[in-house]
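This report is meant for a reader who meets the structure for the first time. Please look at the sequence and the model before reading on.

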Amino acid sequence: MEPVSLLICKRCDAAHRAVLMQPRERARCHICGEVLAKPPSLDSDRLLALTSTAAILFAMTVFTPVLSIDLAGTRTQANVWQAAVSLSRGWISAAGVALAMTMALVPMVQLLLLIWILVFARQGWRVPGFRGAMLVLHALRPWSMTEVFLLGVLVAVAKLSAWVHVEVGVGLWSLAGLTVILALLNLQETHAWWSLGRRGGSA
Amino acid sequence: MSIVRAHDVGVVACETCGWVLPEWAALEGRPCNRCGLLAHARRPRSLEKSLAWLAAGIICYLPANLLPVIYTSGIGGSQDSTILSGVVSFWRAGSWDIAALIFTASVAVPLTKFLGLGLLQWSARCGSDWARVSRGKLYRIVEFIGYWSMLDVVVVGLTCALLQFKTFEQAEPRVGIVFFCAVVITTMLSALSFDPRLIWDGRNRG
């Protein structure tokens with residue numbers, strides 16, 4: 001049997017024979033119901049547009065205050081970096097590092113790698129360093145936690161509003177947008193990119 | 001109904017890129033010819049690693065709940081708060097919704113993960129054929145709720161960033177938050193080490 005014509009469910013290891021699918025169809029595992037294959041819902045151009053938007057929103061989230069308060073004439077601001085920095089005291093720094101990694105660095109690296117891959121993918125090419133980029137993207141996927149940061153911001157607002165007046169900054173709106181787009185991007189099936197550029201660069 | 005699985009047709013699926021390669025190649029230790037990583041029929045030492053990370057998570061769960069996570073001082077006096085005392089003070093202040101959210105993310109989610117991962121590992125170790133579809137769903141749930149417990153780390157970080165030394169009300173992080181973070185990371189590693197395909201393996205395979 002030719003291995004390439006098989007689809008193996010990554011959850012339960014059930015083997016399925018691959019068939020030609022209609023657009024909008026999706027193949028599900030007949031044993032456990034996992035999605036085996038689906039046609040890409042967005043083409044590379046649209047994905048690149050979404051990823052670039054996410055990158056701009058990410059920059060806004062990182063460089064503007066998400067929350068700020070005014071107490072007796074002193075103004076303090078917070079976003080993801082300041083939250084991580086405020087946890088940098090001795091042992092507690094480990095929590096700060098985890099926060100900075102999962103809610104800022106990992107999403108940033110994901111976005112940069114996606115843009116890097118997509119700029120070439122829309123012309124049907126593999127970028128230089130394609131394999132490394134794809135492997136890093138695969139490894140980072142579980143560790144991207146922007147949505148948890150968004151929920152944390154909302155809880156912090158609710159918590160602090162009992163004592164002080166909390167102002168919501170531009171960063172919160174860009175954070176909300178970023179969360180939605182990252183969720184959309186994480187739904188995309190990226191296995192198909194592995195077949196990019198295999199035949200003289202035309203896909 | 002008998003299930004035809006990868007082993008029965010002599011292939012192995014690469015977990016990283018989805019490529020299907022012949023089983024003999026994987027057994028010889030040849031890397032996947034699409035992504036270049038080693039393709040394993042099952043994640044190596046899956047149950048051992050998963051159990052070790054789970055044990056580490058359960059050990060960290062005690063100090064995470066017993067030690068204070070934040071220190072606050074202000075007009076109302078100064079105090080160290082644990083996760084649970086934070087939940088209680090929200091409840092008393094009448095914000096039962098926030099109290100429920102923090103309780104769910106910080107106490108219920110880690111406990112669900114412990115129980116879920118324990119059940120998955122134990123039944124896979126026994127090669128049990130009990131409720132396989134539901135156990136597959138349980139694994140997906142454990143994967144999905146994995147990171148939501150980082151919520152409290154974010155809340156403590158933001159609170160401490162906003163209430164600094166220069167303001168009248170002050171907040172400082174306390175060491176409990178590190179253990180809390182460790183619970184999230186170790187249980188995520190436990191779920192990532194567990195190979196869901198083991199759920200479907202019988203006694204004769206492993």
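Predicted model: local features only at pLDDT ≥ 70, side-chain atom pairs only at ≥ 80, totals over all residues.

Residues are numbered from 1 along each chain as its sequence is written, and chains are lettered from A and ligands numbered from 1 in the order in which they are written.

The domains of each chain are listed below, with bounds that come from an automatic or database domain assignment.

| Chain | Domain 1 | Domain 2 | Distance between C-alpha centres |
|---|---|---|---|
| Chain A | 1-39 | 42-195 | 32 Å |
| Chain B | 1-41 | 45-200 | 35 Å |

The contact between the chains takes 54 residues from chain A and 56 residues from chain B, where two residues are in contact if their C-beta atoms, placed from the backbone, lie within 7 Å. On the side of chain B that touches chain A, α6(B) gives the most, with 10 residues; helices (H or I, at least four residues) and strands (E, at least two) are DSSP runs, numbered from the N terminus. The residues of that side of chain B divide into 40 nonpolar, nine polar and seven charged, with Ala, Val, Leu, Ile, Met, Phe, Trp, Tyr, Cys and Pro counted as nonpolar, Asp, Glu, Lys and Arg as charged, and the others, Gly among them, as polar.

Within this contact, the axes of helix α3 (residues 93-121) of chain A and helix α6 (residues 151-162) of chain B come within 10 Å and cross at roughly 105°, the axes being lines fitted to C-alpha atoms over the stretch in contact, with angles running from 0 to 180 degrees between N-to-C directions. The two helices are therefore roughly perpendicular to each other, a term for angles of 65 to 115 degrees. Ala95(A), Ala98(A) and Leu99(A) in α3(A) meet Val153(B), Val154(B) and Gly157(B) in α6(B), a contact with five nonpolar, one polar and no charged residues. Cys181(B) touches Ala94(A), Ala95(A), Ala98(A) and Val153(B), not counting residues up to four places away in sequence.

Most residues other than glycine have a negative phi. Asp13(A), however, has a phi near 70°, and Ala131(B) has one near 45°.

Definitions and conventions: Parallel < 35°, antiparallel > 145°, perpendicular 65-115°, else oblique.
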